[in-house]
Structure formats: structure tokens, C-alpha cells
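This report describes a single protein model for a reader who has not seen it before. Please look at the sequence and the structure first.

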Amino acid sequence: MVNRQFVLASRPDGMLQESNFRLVETPIPAVGEGEFLARALYLSVDPYMRGRLNAVRSYAPYVEIGQVMVGGGVAEVIESKHPQFHAGDIVNLPMGWQEYAVSNGTGARKVDASVAPVSTAVGVLGMPGLTAYFGLLDVCSVKAGDTVVVSGAAGAVGSTVGQIAKIKGARAIGIAGGKAKIEYILNECGFDAAIDYKSTSDYGAALREVCPGRVDVYFDNVGGPIADAVLGYLNAFARIAICGQISGANDAKPATGPRMFRHLLVARARMQGFLVFDFESRYAEALAQLTEWVRDGKLKYHEDIVEGFENLPRALIGLFTGENIGKRVVRVAASR
């Protein structure tokens, strides 16, 4: 009875490598009063994790060398001395990359397996869904008739953003890479139009073709030249949410590019970076609405499931090479 864990072995220099992580075995931790022991079923891989590996100041502490890799998971409670969690409960919690974790309940919530597959608790009914919800509705104040452009549109967050935009009566334009991703956001997610950034180098011309009335809302997941093009094509009083900057996540040195602030001035636009944790007090409200949309078939999702705990590093690296469509998650074990 051992607990397999992935710890940080070395800091990445440029592109993330599997060798940056090390698989170790430790004893399964003991359960104290007010705690419970959970066994991982699904572990999440997310773009934000790359930033947590750099020894720089950020919105959360970086991972130390030798520390268990951070991340959320869906797990089954197998032993409990906690009054609110019981053996057999399925929970979503920040357990890191390990097969077993002890929790005092902080940041943990029970998952209702009757609503959707429990894996969605780290997807459309978890952090990615919440990020899309608050980023589009609160940060961008989307309204009917808006033209909404979202980059990284075939990912867990981006695909949800486009669908919520449609629910709210806006026009959704997705930017993604490759034929399969374009077909997914158009045919499965119901986007109005899409740009395949891999098939063009003139992003400005592509934008003019699919949204001749310019852009009211931009939900940015990637940064880089794509963001530069969108910022140069804004309507007056446009709103921009900075959610991620995945295009530069593995750059050894920060990239430089056009200085786009003049366009914000001309359009009197508002640009805001945000974190989903800013809205923690309203998670229950958002999850209730997301759940209703999923039940009603208004909000669809795709899970890209990688099998096996040992494949966690490879699964994370794949996010930065464009392997996934929808939410990538690693299946560790089946529930009892």
C-alpha cells in the first residue's frame, strides 16, 4: 500500500519536458481527527500549471523542487474522521498529482454523480466552467447582440465561453488550430464562425471576414499575435478578459510585439485580467446555472481522457502542443 506521487524534479527551461517531473512512492498518509482520506479517480491537467513551475512571483506560490505537483482532482473518500464527508462520497478537491490525499475539507466539495459523469467536476462543472461563466458574464458583461471572439476556443474554457455567449444571445466567433477543432466548435458547440489560425498568417484579414462589424467582447486564452490582431479590431467600449497566455507559456524569454494600448484608447475599451478565485463566494450560483444548462442540453462538453497515473506529465505537455479537444483529464482509477 503505497502512494504514488509526481514531484517537481527540475524547473523547465523553455518547453516543458517529462524529465521535469519524478515519480516517487511514499506511504499512504494517516487520517487525523477532522480529516478524510481520498483516493484519486481523475486528476486534472490545466494550462495554469505551467506558470506554477517558474520560480517567479505570481498569484499563487510556485511549486518547490521536490514538492508534489499541484492540481485538482475527483476522488472517492475511503476513510473519514470528518463530520461532513463519509466513506463512499465522491469529492472534488485540490489534491495534487498523487493517488491518495488527506484533506481537512478546505476547498473540497461533494460531487453529485447523478448530474453528469464525476469527471466533469474538474471540467464544465468545475474550474474551467466557472472560469468561462464569470469571465464572460461578469468581467466582459456580455449582452445580446454582442460579437464575442474567444481564442483557444476548442479548449475546456473557450468552448464553454462560446456556448454561454450563444445562450445569452451574442454571436460567437472561435479561434482554434486545425480542422478537427474547427469542426468541433462549429458543429458540436454551435459557434457562428471560426478561424483556423494554422491555415492563415493574416489574422486581421481573417477577423474582417468573419466579423465585419468588429469585436465587442474578446475572451483571451492565448495572447501573442492572435491577441494583437483582435485588439486592433475592436468596437467602441469593447471588453476584454485576459484569462490565459498559453502561446508564451513555454518561452524561455518573454516575447515582445506590437504595443497595442493605442487601440484600447481609440476604442475606449476595457481590458481586465481575472482569476476564477476572485468569485469564490458565488461558486454555488454559477454551478447551479451551469448544471441546468448541461441538463437541458444547452451546454455541451467534450472530455479528452488520458488513461493512467503514470501519463500525467505527458498529458500536461500535450496541452501546449495542441493535442486536446475540450477538457483533458487523466483517469487514475475507477470508483467502487
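The text below goes through strands, a helix, nonpolar cores, a pocket and cavities.

The model is predicted, so local features are given only at pLDDT of at least 70 and side-chain atom pairs count only at pLDDT 80 or more, while totals for chains, interfaces and linings use all residues. Residues are numbered from 1 along each chain as its sequence is written, and side-chain values use heavy atoms, with hydrogens and water left out.

Helices (H or I, at least four residues) and strands (E, at least two) are DSSP runs, numbered from the N terminus. A residue is called buried under 20% relative accessible area, exposed over 50% and partly exposed in between, with a 1.4 Å probe and protein chains only. Strand β3 is largely enclosed by the rest of the structure, because nine of its nine residues are buried.

Two strands pair if DSSP finds at least two bridges between them. With β4 (residues 73-80), β3 forms seven bridges, and the two run antiparallel. Within this pairing, Phe36 has Ser80 of β4 as its bridge partner, and Ala38 stands opposite Val77. Strand β6 (residues 100-103) is also antiparallel to β3, with four bridges between them; here Phe36 faces Ser103. A further antiparallel pairing, of three bridges, links β3 to β15, where Leu43 is opposite Val330.

Strand β4 also pairs with β5, again in the antiparallel sense and over four bridges. In that pairing Ala75 stands opposite Val91 of β5.

**Helix α9**

Helix α9 covers residues 312-319, and seven of its eight residues are buried. The buried residues are Leu312, Pro313, Ala315, Leu316, Ile317, Gly318 and Leu319. Among the elements that cover them are β3 (36-44), β1 (2-8), β2 (21-27), α1 (48-51), β14 (303-307) and β15 (327-331).

**Nonpolar cores**

In soluble globular proteins, nonpolar side chains tend to be buried together. A nonpolar core is here a set of buried Ala, Val, Leu, Ile, Met, Phe, Trp, Tyr and Cys residues joined through side-chain atoms within 4.5 Å. The largest such core holds 42 residues, and Leu130, Tyr133, Phe134, Leu136, Ile164 and Leu290 have the most contacts inside it. At least two residues of this core come from each of α2, β8 (147-151), α3 (156-167), β9 (171-176), α4 (179-188), β11 (215-220) and α8. Helix α2 gives the most, with seven residues.

Contact means heavy atoms within 4.5 Å. Apart from its neighbours within four places in sequence, Leu130 is in contact with Val276, Tyr283, Ala286, Leu287 and Leu290. A second, separate core has 33 residues, including Met95, Val306, Phe309 and Leu319.

**Pocket and cavities**

On a 1 Å grid over the protein atoms alone, a cavity is a set of points where a 1.4 Å probe fits but cannot get out; a pocket is an open set with protein on both sides within 12 Å along at least five of seven lines, and lining residues have an atom within 4 Å of a point. Grid points are joined across faces, edges and corners, and a volume is the space filled by probe spheres set on the points. In the lining classes, Ala, Val, Leu, Ile, Met, Phe, Trp, Tyr, Cys and Pro count as nonpolar, Asp, Glu, Lys and Arg as charged, and the others, Gly among them, as polar.

The second largest pocket is lined by 30 residues, with Asn92, Pro94, Gly107, Met127 and Phe277 nearest its centre. Two or more lining residues come from each of β5 (90-93), α2 (127-139) and α8 (283-295). The largest share, three residues, is from α2.

Two cavities of 30 Å³ or more are found in a search of the whole structure. The largest cavity has 13 lining residues, of which Val124, Ala156, Tyr301, His302 and Lys327 lie nearest its centre; its largest share of lining, three residues, is from α3. The second largest cavity is lined by Ile175, Ile195, Tyr197, Tyr203, Leu207, Ile226, Ala229 and Val230. Helix α6 supplies the largest share of that lining, three residues.

| Space | Volume | Lining by class |
|---|---|---|
| Second largest pocket | about 730 Å³ | 18 nonpolar, eight polar, four charged residues |
| Largest cavity | about 80 Å³ | four nonpolar, six polar, three charged residues |
| Second largest cavity | about 40 Å³ | eight nonpolar, no polar, no charged residues |
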